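Hi there,

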Amino acid sequence: MESCLCTRRVLVFLISCLWVGMEVIIGQTENSSVVFVSEEKKRVIDIGALYTVNSAIGRSAGPALVAAIDDVNSDTTILKGAMLNLVLQDTNCSGFLGTVEAMQLLEKKIVAAIGPQSSGIAHVISHFMNELHVPLLSFGATDPTLSSLQYPYFLRTTISDYFQMNAIADVVVYFGWKEVVAVFVDNDYGRNGISALGDALVKKRARISYKAAFSPTASITDLDNLLVKANLLESRVFVVHVNPDSGLNIFAVAKRLGMMGSGYVWIATDWLPCFLDSLETIDSSKNDLIQGVVSLRHYTRESDLKTSFKNKESSKFNSYALYAYDSVWLLAKALDTFLISGENISFSDDPKLQENNGTTLDFTSLRIFDQGEKLLNILTATNFTGLTGEVRFDSDKNLINPAFDILNYGGSGSRRLGYWSNYSGLTIVPPESLYAMPPNNSITSQHLYSAIWPGETTVKPRGWVFPNNGKPLRIAVPYRISYPEFVTKDKGPLGAKGYCIDVFEAAVALLAYAVPHQYILYGDGLRNPSYNDLVNDVAQNKYDASVGDVTITTNRTRIVDFTQPYMESGLVVVAPVRQSKSSPWAFLMPFTWQMWGVTGIFFLLVGAVVWILEHRTNTEFRGSPRQQLITIFWFSFSTMFFSHRENTVSTLGRSVLILWLFVVLIINSSYTASLTSILTVQQLSSRIQGIDTLISSSDPIGIQDGSFAYRYLINELNVAESRLRILKSQDEYLKALEQGPSGGGVAAIVDELPYVELFLASTKCSYSTVGREFTKTGWGFAFQRDSPLSIDLSTAILQLSENGELQRIHDKWLSHEIGCSSQTTAIEDSRLSLKSFWGLFLICAIVCFVSLTVFFCRVFFQYTRYSAEDDSHHNIEQPEEPARPSRRNLRVTSFKDLMDFVDKKEVEIKEMFRRKTEDSSRRHLERSGTDLPSPSS
């Protein structure tokens, strides 16, 4: 029997061992598999790891994490009495599975998590980390937006793409390119990285001309269609920002389409060296795909520590492995400081997760790391030297001194063109050698070695395609009849002359390349041509460009590209004017009606507030209701002239009055200045006050022949076409205005400001602009869509503006003194609105509110004391009925009693409190004398 029992025990023991062994094996095959068994009597601290095991980054980072854990646990100088236990969750390159794995990881009471490598997953799980106070140290999520204040527990232990995109922008500008085509994967990592690139390029006066985005699951056919479309564009500079594991597909498709030849530029972000460095060998087929490609790689300075790590690792690794290794040591050093300071690791339930609110999901196993904020602060303050160099964070929680290698692939390998750092820009010397020098990011200090470009050429590609078939640009020039100063026919070799022609010729002369062109007159010479037809002909490839007084409008920008405006313009109204007489209501014009209303309300408000504050202490604010109401109104409006006769005696009342008198002083001064300005400026007047009064009338309106204003008035302002009169010359302008509506002329003319200025220069103030300029536009040179010349000429126009040449051309053709200007707008400019004084009124209202609050609090305190003493006195007078509650206590104080108390004088209340205090003291003494024993007893 005993032997049978012994046999059963042995069998149970063997089954238990087998079950434990199976559990260990199963656990090692699941995602949460990497468990490092602690030594005896050592405290185990669990930390998590999130990354995709089977990926270019994961294959390098995984062994690095294991090596770092081994090195930390074997180092006797750190984490004494404790050791790290790494719990791994495989995100499987899936946002959904990555989130699930992160939640499973958080159930295991980890103090921090290392990873993930995916920016999209990092965005999602950072919300969990914020709620549970678990620091997230990511060695691979480079999305710049993760550095926002929205993710306080996210700590990036690698270089943000913000710096990488600034490095690419510097490379683009260094080689003189102005436009790039961005090819990127359409996820958080790709979109936000390219967005940072766009911002960086704009700062360098460059831009992304086209964004070629594709799905993370795009097929080869999708990539083929994408690059075919991108190849139709003029830009030949491509920036590729994709995932490492599938990025070479881009170059495979580009090579098949002939886009890896001469004239093309390919710049890859750090995904390319990340993928290639993780391979044991690079076969020739892959190497052929990247010939001439320029790429960036994280720069890490050489050191004994880095050399030792390389010697220990049997497989190849990329730069992310180094950042993963340093992430473990960063966490270990922070935990060491954390434990030495006497902190304990504890977790508590999250009250927000205790109630499921009707859902079947159970999150109660997720617990808050109580010391998470303390550990996060230690992490951001930790400073040490690791495999990547100095590990230290700036105020934005970015690693200091971000730097990159600039690589150029050619032959069977790569060569370094130089370095980039945010401290010194592009250099050919290691960045750390420049940190001791003053920062210098000037253009002249930027240097790189020469590169080998696609097509095995060392000649720098131009970066865009320009037709080079020997034919000059066909430039349409408006053949104007009116205002020939701007552009018209010329018998000289150019065939055209005018202000617009001189500006274009000066801009072309500033370009770094020759632009052969010929001017073709557009129009019959009998009337001004239609500018809409002119722009349409450029869009339809009848002409390559248009040079003239072409207004930039919304509809036109949809079909052509315009340069930077070289002349500001806008529609104005010209009407006959006459000398005006002063209005009997001119005294109301300095303020708007809103300003008048608010000022009147505040006069009454301040008067009421001062009355309330002074009523109890000042006899001048007391009397019959009628007398007090008159006092409020009189005091309110007499302060306008500082002639109030009532004195203020309370501190609160004086405070309000002093501030209000200051406000009145400002209002009076402003009113006087505004009225003076209006009466001085208002010299001319017109029946038409601006575009609004012109539209509301039924009078005819004059329009210059060929102007866009014709369609603008009809389509945008709903003016009847029958009211519009076409005017072909300046003489017709004068005749139509002189005749007026009753004589077959027009009431006013709507035209662009440059034309109007020339027209008014020939009049003697019989006409003037009325109202404001109601559109803001400009004149530019029109080119076909996506023409690179529009960008280069825009830069040239800005240079003309900066060096003063544009103004000299203007003075040559348009230097006329204008004797008449808009007068009615000066009145509107002189009127003062509420927005100029709302700050004063706000301060005054706050002071009134605070004063009233203090006053009523004091009154309430006095009334409470008054009621309490009254009740006490009533109880003393009825000692024979101690058990019977006082009727006074049961009685609810009426509103009338409170108002009567408030209406009492302050002196009466103080005297009342004094008498009650004396009566109470006397009764207390009398009662004390009765209780004392007699001397005879």
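Below I go through a sheet, a pair of helices and some cavities.

First, some ground rules: this is a predicted model, where local features need pLDDT of at least 70 and side-chain atom pairs count only at pLDDT 80 or more, while totals for chains, interfaces and linings use all residues. Residues are numbered from 1 along each chain as its sequence is written, and side-chain values use heavy atoms, leaving out hydrogens and water.

Let's start with the sheet. Helices (H or I, at least four residues) and strands (E, at least two) are DSSP runs, numbered from the N terminus. Two strands pair if DSSP finds at least two bridges between them. Here 5 strands make an open sheet with mixed pairing, in the order β29-β28-β30-β25-β31. At its edges lie β29 (724-727) and β31 (767-770), each pairing on one side only. Inside the sheet, β25 (residues 571-576) and β30 (residues 748-752) run antiparallel and are joined by 4 bridges. One to look up: L571 has E752 in β30 as its bridge partner. Helix α23 (residues 753-761) packs on this sheet, touching β25, β28 (701-704), β30 and β31; contact means heavy atoms within 4.5 Å.

Next, the helix pair. Helix α24 (residues 788-803) and helix α25 (residues 805-814) pack at about 80 degrees, with axes 4 Å apart. Axes are lines fitted to C-alpha atoms, for helices over the stretch in contact, and angles run from 0 to 180 degrees between N-to-C directions. α24 and α25 are therefore roughly perpendicular, a label for angles of 65 to 115 degrees. L800, S801 and N803 of α24 meet E805, L806 and R808 of α25.

A cavity is a set of points on a 1 Å grid, over the protein atoms alone, where a 1.4 Å probe fits but cannot get out; lining residues have an atom within 4 Å of a point. How many cavities of 30 Å³ or more does a search of the whole structure find? There are 3.

Happy exploring!

Key. Parallel < 35°, antiparallel > 145°, perpendicular 65-115°, else oblique. 1 Å grid on protein atoms, 1.4 Å probe; cavity = no way out; pocket = protein on both sides within 12 Å on 5 of 7 lines; lining within 4 Å. Points joined across faces, edges and corners; volume = space filled by probe spheres on them.
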